[in-house]
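User: I would like to learn how to read pockets, annotated sites and strand pairing in a model. Please take me through them one by one.

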Amino acid sequence: MGDQRLNVVVGVAGGIAAYKACHLVRVFTERGHSVRVVPTPSALNFVGAATFEALSGNPVSTTVFDAVDEVRHVRVGQEADLVVIAPATADFLSRAAHGRADDLLTATLLVATCPVVFAPAMHTEMWNHPATRDNVATLRRHGAIVLDPAHGRLTGVDTGPGRLPEAEQIAKFALLAVEKPDAFTRDLEGKRVVVTAGGTREAIDPVRFIGNHSSGRQGFALADVAAQRGADVTLIAGSVDALDVPPGVTVRSITSARDLSDAMAEEAPGADVVIMAAAVADFRPSSQADSKLKKGAADDALSRIDLVENPDILAETVRRRADGELGEDMVIVGFAAETGDESATPLEHATAKLARKGCDLLMCNDVSGGATFGAEDNVGWILDADGAVDDVPHGSKHAVAAQILDAVSRRVAARG
């Protein structure tokens, strides 16, 4: 998104999750965007207009009869660069799908020509009801983006799909809709995708470990976007710093490379796509001390840690596919965090790695100077085993994830 300042309309429907819209407004304003909140009349039963006005710095109205001389019911939608409805209740999805225009928010939707993102929130039974599913399908067919809800605690004691994603997650999806409008195409419906993310930690003793700088953000973004494109996603996550669980994604936590190898042995069978975005340690200590090693001791074990090579999980997955242990049509994606040296550029190193590993696609980053680690954005190249190299322009990690999944989708379609 760069420094682009957007006019964002945050629509709020009348559900208990309306209070989360306050945080969403704050997220957008803190990123420098201009926000106008347009609630439905019932939404004001949960959060008052004064709260939304204070957070957005703009007046709040629910009716088409306010500021008639300004033709506000038309201008709000015309001037918007992005419309986000959070929460979008079952009732509001129905009204939007049928083109109702009986309040300011529904009228705004009929005028807006910018990306429109719905973040549903309702009880599981409502989300699964055929009428709601039909309304969601209609909205998507009309070009709107309807996010799949998160799984979790709902009103009362109920738990299941229907929870509103966290505000930061909604904002990332909404801004992705502006950055890459085709990111949410539902081309992975019915596909099972396994993504690995984060760094592994190889224990030296109960206190210390060998690790790396991976934050897991790119892998989490891949799981995020794949789920919103209709895939059944399992995320095998190494050490990450408090990243939000992607909505609708099953997460399995691991620590070491051997943990990851074991998890892949269980999760890869039956997968249509495997994306190995985790930063796996190449080596581990040959043994783990039972107690903390003391520096300065006569026999200073810390100064002479014996290392052994970790399993090559990407190459092993490719081998298992070739041997018939995994589906022959499985698409396998590797990652290469490279730096240039006197022998080759990062891209040349990545090309050699692709040939060595035998995967179908490889995402290469130039991480010289620690670039991309922990950052919100990324850049690089996607290498195809057929020899093609696609530039990945600088953008958010969600936009990069969408471009990687575009390449994956083309591979899946060609094989299926």
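Predicted model: local features only at pLDDT ≥ 70, side-chain atom pairs only at ≥ 80, totals over all residues.

User: How is a pocket found, and what volume does the largest pocket have?

Analyst: Rolling a probe the size of a water molecule over the atoms shows where empty space is left. Here a 1 Å grid is laid over the protein atoms alone; a cavity is a set of points where a 1.4 Å probe fits but cannot get out, while a pocket is an open set with protein on both sides within 12 Å along at least five of seven lines. Grid points are joined across faces, edges and corners, and a volume is the space filled by probe spheres set on the points. The largest pocket holds about 1000 Å³ of space. It is lined by 41 residues, and the closest to its centre are Ala278, Ala279, Val280, Phe335 and Lys353. A lining residue has an atom within 4 Å of a point.

User: Which elements give two or more residues to the lining of the largest pocket?

Analyst: They are α9 (217-228), α11 (313-322), β16 (331-338) and α12 (346-357). Helices (H or I, at least four residues) and strands (E, at least two) are DSSP runs, numbered from the N terminus. β16 supplies the largest share of this lining, 5 residues.

User: How do the residues of that lining divide by type?

Analyst: Ala, Val, Leu, Ile, Met, Phe, Trp, Tyr, Cys and Pro count as nonpolar, Asp, Glu, Lys and Arg as charged, and the others, Gly among them, as polar. The lining of the largest pocket has 17 nonpolar, 15 polar and 9 charged residues.

User: What is the volume of the second largest pocket?

Analyst: About 620 Å³. Its lining has 26 residues, with Arg31, Lys172, Glu376, Ser396 and His398 the closest to the centre. Two or more residues each come from α8 (167-179), α9, β19 (389-396) and α13 (397-415). α8 gives the most, with 6 residues. By type, this lining divides into 8 nonpolar, 8 polar and 10 charged.

User: Which residues does UniProt list for "binding site"?

Analyst: Start with the caveat: UniProt positions are given in the numbering used here, feature names are shortened, and annotations may be inferred rather than shown by experiment. The unreviewed entry lists Asp282, Lys292, Pro311, Asp312, Ile313, Leu314, Phe335, Lys353 and Lys357. These positions span 76 residues in sequence, and the farthest two C-alpha atoms are 37.1 Å apart, so they do not all gather at one spot. From this set, Asp282, Pro311, Asp312, Ile313, Leu314, Phe335, Lys353 and Lys357 belong to the lining of the largest pocket.

User: Is leucine 314 buried or exposed?

Analyst: Buried means under 20% relative accessible area, exposed over 50%, partly exposed in between (1.4 Å probe, protein chains only). Leucine 314, in helix α11, has 8% and is buried. Contact means heavy atoms within 4.5 Å. Not counting residues up to four places away in sequence, leucine 314 touches Met276, Ile332, Val333, Gly334, Lys357 and Cys359.

User: What about lysine 357?

Analyst: Lysine 357 sits in helix α12. Its relative accessibility is 15%, so lysine 357 counts as buried. Beyond neighbours within four places in sequence, lysine 357 contacts Asp312, Leu314, Ala315 and Val318.

User: How are paired strands read, and which strands pair with β13?

Analyst: Two strands pair if DSSP finds at least two bridges between them. β8 (residues 192-197) and β13 (residues 273-276) run parallel over 4 bridges. Valine 195 has isoleucine 275 of β13 as its bridge partner. β13 and β16 are also parallel, joined by 3 bridges. There, valine 273 stands opposite valine 331. Both faces of β13 are covered: Val273 and Ile275 on one side, and Val274 and Met276 on the other, are all buried.

User: In what order do the strands of the open sheet run?

Analyst: The order is β2-β1-β3-β4-β5, 5 strands with parallel pairing. β2 (34-39) and β5 (145-146) stand at the edges with a single partner strand each, so one side of each has no neighbour in the sheet. β5 pairs with β4 (residues 116-120) over 2 bridges. Phenylalanine 118 stands opposite valine 146 in β5.

User: Finally, where is valine 25 placed?

Analyst: Valine 25 is in helix α1 (residues 20-30). Its relative accessible area is 0%, which is buried. Leaving aside neighbours within four places in sequence, valine 25 contacts Val10, Val35, Val37, Leu55 and Ser56.

Terms used: Residues numbered from 1 in each chain as written. Heavy atoms only, no water.
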